Amino acid sequence: MIQPPIPERPPFTLRAALLTPLAAGGYRWEPDAGIEVDEEGRISGVSAWRDDDATGDRTDAAAADRPVADLRPWAVLPGMVDLHAHLPQLPSAGLGAGLDLLTWLERYIFPLERDFDRSTAERLAPAACRAFAEAGTTTAVMYGAVFEPSIDAAFEAAEAHGLRAVIGKVMMDRLRYDPSLPENVVLETSLRQSADLIGRWDGRDGGRLRYAVTPRFAVSCSGDMLRESAALAAATGTYWQTHLAEDLHECTEVYRLFPEALDYTDVYDRAGGLGPRSIMAHAIHLSDREIERLAETGTRIAHCPASNLFLASGTMRLGRYFEAGLVIGLGSDVSAGPGLSLFDAMRAGAYTQNGLRAMLNDPHRTLSPTEWLRLGSLDGARALGIEDAIGSVEAGKEADLIAVDPSLTLPVPGLAADAAEDLASRLIFRAHPAMVRAAWVRGRRLDGPGG
Ligand SMILES: [Zn+2]
């Protein structure tokens with residue numbers, strides 16, 4: 001396939017169609033746009049393309065001298081923000097359909113994570129970074145495994161590749177797969193290793209790499225571990241990520257382990273784990289009290305609809321959650337989600353919401369395709385508290401961008417190109433594995449898309 005020259009480093013100007021959510025609400029569609037990226041990798045101007053006017057309504061006068069990459073008929077979008085993925089689990093993606101969560105963990109996942117040492121991470125993490133970029137993801141929030149050196153290898157891979165990443169060492173002092181450590185030192189060791197990793201990696205490369213303190217979930221963590229890990233995240237200003245109410249068997253087990261708690265959410269609340277820097281994956285089986293409490297504390301939700309259907313975990317009442325004011329982004333949850341693409345997650349989410357409406361008379365409005373795109377980009381950035389920096393293609397933001405080839409999403413060749421809502425619809429409902437042709441973080445091109 002003929003490829004236009006794709007800029008590797010800033011500064012540059014892209015000429016392409018543009019589809020992006022806007023910070024002020026709604027979206028912007030330009031069939032022929034100029035997107036200017038300055039030396040620092042920031043978007044310095046976004047305008048409708050005008051051949052006869054080198055400066056036009058551009059905000060950046062220096063842009064006139066920059067190389068222009070004509071990517072038409074491709075479309076530029078913001079890079080996707082994946083709020084929930086498991087790096088060691090990638091090799092099992094697509095396997096284990098039909099199992100429930102706890103059986104799937106025992107059979108497929110713990111053996112993989114047990115083997116996720118430094119050398120495995122050195123092999124897998126660079127390929128994973130390329131695969132995320134190929135899927136259109138420029139920011140990935142990842143769980144590692146329990147072994148500290150493998151997390152260093154994961155950060156090293158993201159640092160070299162250019163992906164924006166939030167990574168954490170999994171913490172478990174119950175239902176764990178590393179019985180070599182004596183019981184009485186597990187908590188202390190896990191906290192010390194997490195703190196050391198924070199010291200080495202959190203904030204690296206001007207904040208491109210961030211750390212998330214990562215207790216796996218209440219089934220595999222004692223109350224002490226939840227509390228101490230939340231205190232570590234608060235003291236260091238890092239994220240705190242865990243799983244919440246993914247599966248009904250899991251919920252039953254949590255009620256057995258924490259009989260004093262009002263409900264599952266209260267287990268994390270009592271540990272000091274709720275708040276705007278906390279990301280709860282799934283959060284499907286929640287009472288109204290829990291929904292209100294999560295909203296009141298500003299706790300972030302990683303919605304993982306492909307995973308929830310794959311493991312038959314349940315369905316999120318997304319409309320109800322929006323009504324409560326929850327801050328929600330999207331997660332692939334690879335490998336409980338079978339793929340890395342957030343476009344696939346959007347499709348699973350849209351079908352889930354249609355199913356709720358058709359079968360259970362859910363009265364809430366379903367999202368439009370451009371609203372799903374927002375959930376996968378700008379809302380994900382908001383969940384991470386970095387919506388001023390990334391998540392949309394607007395002047396002043398860092399140039400975390402993707403370029404997609406819409407022709408690959410058409411059902412037959414020769415159709416007229418889609419615009420705006422139709423383009424978003426085909427990217428979601430007819431997503432093609434090769435449709436992301438280029439990806440950049442801060443204007444630096446990422447390896448992965450296009451081979
Ligand atoms: Zn998960």
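Contact here means heavy atoms within 4.5 Å. Keep in mind that you're working with a predicted model.

**Exercise 1. Find out where N308 sits and what is in contact with N308.**

Step 1: Locate the residue. N308 belongs to helix α10, which covers residues 305–310.

Step 2: Buried or exposed? Buried means under 20% relative accessible area. N308 has 2% relative accessibility, so it counts as buried.

Step 3: List the contacts. Skip the neighbours within four places in sequence, and N308 is in contact with H282, I284, H303, S313 and G314.

**Exercise 2. Work out which residues are the protein donors of the zinc ion, and describe the site.**

Step 1: Pick out the donors. They are H84, H86 and H243, each through NE2, plus D333 through OD. Their distances from the zinc ion run from 2.1 to 2.6 Å.

Step 2: Check the angles. Four donors count as tetrahedral if all angles lie between 85 and 135 degrees. Here the angles among the four donor atoms go from 83 to 171°, and the site is irregular.

Step 3: Look at the spacing. Along the sequence, the donor residues follow the pattern H-x1-H-x156-H-x89-D. H84 is in strand β5 (residues 80–86) and H243 is in strand β10 (residues 239–244), so this pair ties together parts that are 159 residues apart in sequence.

**Exercise 3. Identify the residues that touch the most other members of the largest nonpolar core.**

Step 1: Name them. This core has 107 residues, and L77, Y268 and F343 are the ones touching the most other members.

Step 2: Ask what supplies the largest share. That's helix α2 (residues 118–134), with seven residues.

Step 3: Look for another core. There's a second, separate one of 20 residues, and L18, I35, V37 and L401 are among them.

**Exercise 4. Trace the order of the seven strands in the open sheet.**

Step 1: Read off the order. It goes β3-β2-β1-β4-β14-β15-β16, with mixed pairing.

Step 2: Find the edges. β3 (43–48) and β16 (444–445) each pair on one side only.

Step 3: Take one pair. β14 (residues 401–404) and β15 (residues 436–441) are antiparallel, over four bridges. A403 has A438 in β15 as its bridge partner.

Step 4: Helix α15 (residues 420–429) lies across β1, β2, β4 and β14, at about 80° to β2.

Terms used. Residues are numbered from 1 along each chain as its sequence is written. This is a predicted model: local features need pLDDT of at least 70, side-chain atom pairs count only at pLDDT 80 or more; totals for chains, interfaces and linings use all residues. Side-chain values use heavy atoms; hydrogens and water are left out. Donors are N, O and S atoms within 2.8 Å of the metal (3.2 Å for Na, K and Ca); water is not among the atoms, so sites may look incomplete. Four donors count as tetrahedral if all angles lie between 85 and 135 degrees; four count as square planar and six as octahedral if opposite donors are over 155 degrees apart and all others between 65 and 115; anything else is irregular. Helices (H or I, at least four residues) and strands (E, at least two) are DSSP runs, numbered from the N terminus. A nonpolar core is a set of buried Ala, Val, Leu, Ile, Met, Phe, Trp, Tyr and Cys residues joined through side-chain atoms within 4.5 Å. Buried means under 20% relative accessible area, exposed over 50%, partly exposed in between (1.4 Å probe, protein chains only). Two strands pair if DSSP finds at least two bridges between them. Axes are lines fitted to C-alpha atoms, for helices over the stretch in contact, and angles run from 0 to 180 degrees between N-to-C directions.
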